[in-house]
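Here's a quick briefing on one chain and one of its residues. Have a look at the model first, then read on.

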Amino acid sequence: MTRIWIAAVALGFAGVPGAALAQDGAALDCVAKTISPDLRAQIGAAMAGSDSDAARPLFEQFGALSTDCMTKNGIAADRKDVYFDYNLARVSREWFAGQIRKAGLSVDPVDRSLDFGPKGANPDLSSDMTEDQINTIINAYTAAGVDVESVDQSVWEKVGAYAAASSIYWNRRQQFLSH
C-alpha cells in the first residue's frame with residue numbers, strides 16, 4: 001500500500017483549497033460526491049493491492065476528477081498535493097471501512113484507540129505503524145468483544161490500511177482547512 005501512496009503522490013495530481021471558507025465544505029465533498037461507484041471500488045481495491053503499474057490509470061482518472069473539483073471550487077494550484085491526498089485517503093478510508101464492516105467488524109475501535117477525528121490527536125501513520133499502535137488497535141478490538149484470533153489476516157490488513165488512510169485523511173483535512 002505504501003508504494004501506491006508514493007506512486008499517487010508522484011503522479012502529482014491533486015488540489016487543495018485556496019477558496020473562501022464557505023467553499024471549504026463543498027470542496028471537501030466534491031470528489032466524494034462526484035466519483036462513480038465503480039471508480040470508488042477500483043481505487044479502494046488498488047489501495048489494497050501492490051501493483052502500482054496497474055493502478056496508474058485509475059490514479060490518472062482520479063487525478064482528473066480531483067483537478068475538476070479544484071477548478072469548480074477555486075482551489076489554488078499550490079494546494080494540489082494536499083487536496084489529492086485528502087481525497088484519495090477519504091475514498092480509500094470509506095472503501096476500507098465498508099470492507100471491514102462486511103467482515104463483521106466496526107472501525108470504531110480503530111478511530112477511538114488511535115484518537116482519529118476532527119479534534120483528535122490524528123497520529124501520523126504515513127510510514128509503518130509501530131508495534132504499540134498495532135497492539136493498541138488489537139486491544140481495542142479485544143475490549144469490544146472481538147475474538148481477534150478468529151479474524152482473518154486479510155481483514156487485519158484492511159484494518160491497518162484503514163488506519164493509515166484515516167491518518168492521511170485527518171491530517172490532510174486539517175492542512176486543507178488551515179489554509
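Of the chain's contacts between residues at least 6 apart in sequence, 79% join residues at least 24 apart, where contact means heavy atoms within 4.5 Å. Keep in mind that this is a predicted model: local features need pLDDT of at least 70, side-chain atom pairs count only at pLDDT 80 or more, and totals for chains, interfaces and linings use all residues. Residues are numbered from 1 along each chain as its sequence is written, and side-chain values use heavy atoms, with hydrogens and water left out.

**The chain as a whole**
- You'll find eight helices and zero strands here, with helices taken as DSSP runs of H or I, at least four residues, and strands as runs of E, at least two, numbered from the N terminus.
- Along the sequence, that reads α-α-α-α-α-α-α-α.
- Of the 179 residues, 46% are buried (under 20% relative accessible area, 1.4 Å probe, protein chains only).
- The accessible surface is about 8800 Å², and carbon and sulfur atoms account for 50% of that (Shrake-Rupley method, 1.4 Å probe).

**Zooming in on N122**
- N122 sits in the loop between α6 (108–113) and α7 (131–143).
- N122 counts as buried because its relative accessibility is 6%.
- Its side chain reaches two backbone oxygens: that of G117 at 2.9 Å and that of G120 at 3.3 Å.
- Leaving aside residues up to four places away in sequence, N122 touches L114, D115, F116, G117, W170 and N171.

Methods
Buried < 20%, exposed > 50% of the residue type's maximum accessible area, 1.4 Å probe, protein only. Polar contact = N/O pair within 3.5 Å; in protein donor to acceptor, adjacent residues only side chain to side chain.
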